[in-house]
Amino acid sequence: MEDGIEMLLLDEPTRFLLSHEPNPRLNMLIGGTLTSVYGLWAMFALPGFRKVPFKLKVPFVPSSKVQTRNVMKLLEGRKGRLADLGSGDGRLTDLSRYNNVTAFLSPSTMEPLEVKLVSELPDDARVIVCRFPFPHWKPTSSEGTGLDQVWAYDVQSVRNRPTQNVKI
Ligand SMILES: C[S@@+](CC[C@H](N)C(=O)[O-])C[C@H]1O[C@@H](n2cnc3c(N)ncnc32)[C@H](O)[C@@H]1O
């Protein structure tokens, strides 16, 4: 005589969980899931931290709409190429071809970034930074307040001024 429906419902999960027999489908599922998680991590997370010293690592925190609007205001009327540092995998590139640079990074990255930008950017470049101002450069202008505050720096005026500690 066949089992009633109650018996079948009780038996099936018990057999699945307690069985010591090899289960190729379950192994494939676990293998596939682990491979996908590793693939996503390797593609999106790993490159951001490759060869970057710990103090220069920046977590992913997206810009707010107000912050982006403030950046766009300080870029009004500007022409040429724009590089957004930190939009990609965290590696910095040859910046000499860019005359507009935006960055939303972290306090610890700002000082080394000052050195890199002033040595590579053309004279007509403008740099806009979000939330964390440069420690030594004097801003040309600023937009917004609090977490959404952004600062603009014109490289020519930075070069014309001796480096100083600026209190914002
Ligand atoms: C605060 S998020 C800003 C993300 C995006 N640009 C935005 O405004 O919404 C900082 C980004 O910088 C990247 N990053 C991490 N370490 C970095 C580094 N040392 N140099 C440049 N970018 C870095 C991260 O991957 C992250 O996407």
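**Sheet and helices**

Q: In β3, what is the bridge partner of V101?
A: V127 is the β3 partner of V101. Strands here are DSSP runs of E with at least two residues, helices are runs of H or I with at least four residues, and both are numbered from the N terminus. Bear in mind that this is a predicted model: local features need pLDDT of at least 70, side-chain atom pairs count only at pLDDT 80 or more, and totals for chains, interfaces and linings use all residues. Residue numbers start from 1 along each chain as its sequence is written.

Q: And how does the chain get from β2 to β3?
A: Through helix α4, residues 107-120, in a right-handed β-α-β crossover. Right-handed means that, with the strands pointing away from the viewer, the path from the first strand over the helix to the second runs clockwise.

Q: Do β2 and β3 run parallel or antiparallel?
A: Parallel, over four bridges. Strands count as paired if DSSP finds at least two bridges between them. β3 also pairs with β5, in the antiparallel sense over five bridges, and there V129 stands opposite W151.

Q: OK, what's the order of the whole sheet?
A: β1-β2-β3-β5-β4, an open sheet of five strands with mixed pairing. The edges are β1 (82-85) and β4 (141-143), each pairing on one side only.

Q: How many residues of β3 are buried?
A: Five of the five, so β3 is largely enclosed by the rest of the structure. Buried means 20 or more other C-beta atoms within 10 Å of the residue's own, with C-beta atoms placed from the backbone; 12 or fewer is exposed, and in between is partly exposed. R126, I128 and C130 point one way, V127 and V129 the other.

Q: Switching to helices: which strands does α3 touch?
A: Helix α3 (residues 65-74) packs on the sheet and touches β2, β3, β4 and β5. Touching means contacts, with C-beta atoms placed from the backbone and lying within 7 Å.

Q: Which residues of α3 are buried?
A: Q67, N70, V71 and L74. Looking down the α3 axis, they fall within an arc of 100°, so they line one face of the helix. That arc is taken from the directions from the helix axis to the C-beta atoms.

Q: And for the whole chain, what percentage counts as buried?
A: 20% of the 168 residues.

Definitions and conventions:
Two residues are in contact if their C-beta atoms, placed from the backbone, lie within 7 Å. Axes are lines fitted to C-alpha atoms, for helices over the stretch in contact, and angles run from 0 to 180 degrees between N-to-C directions.
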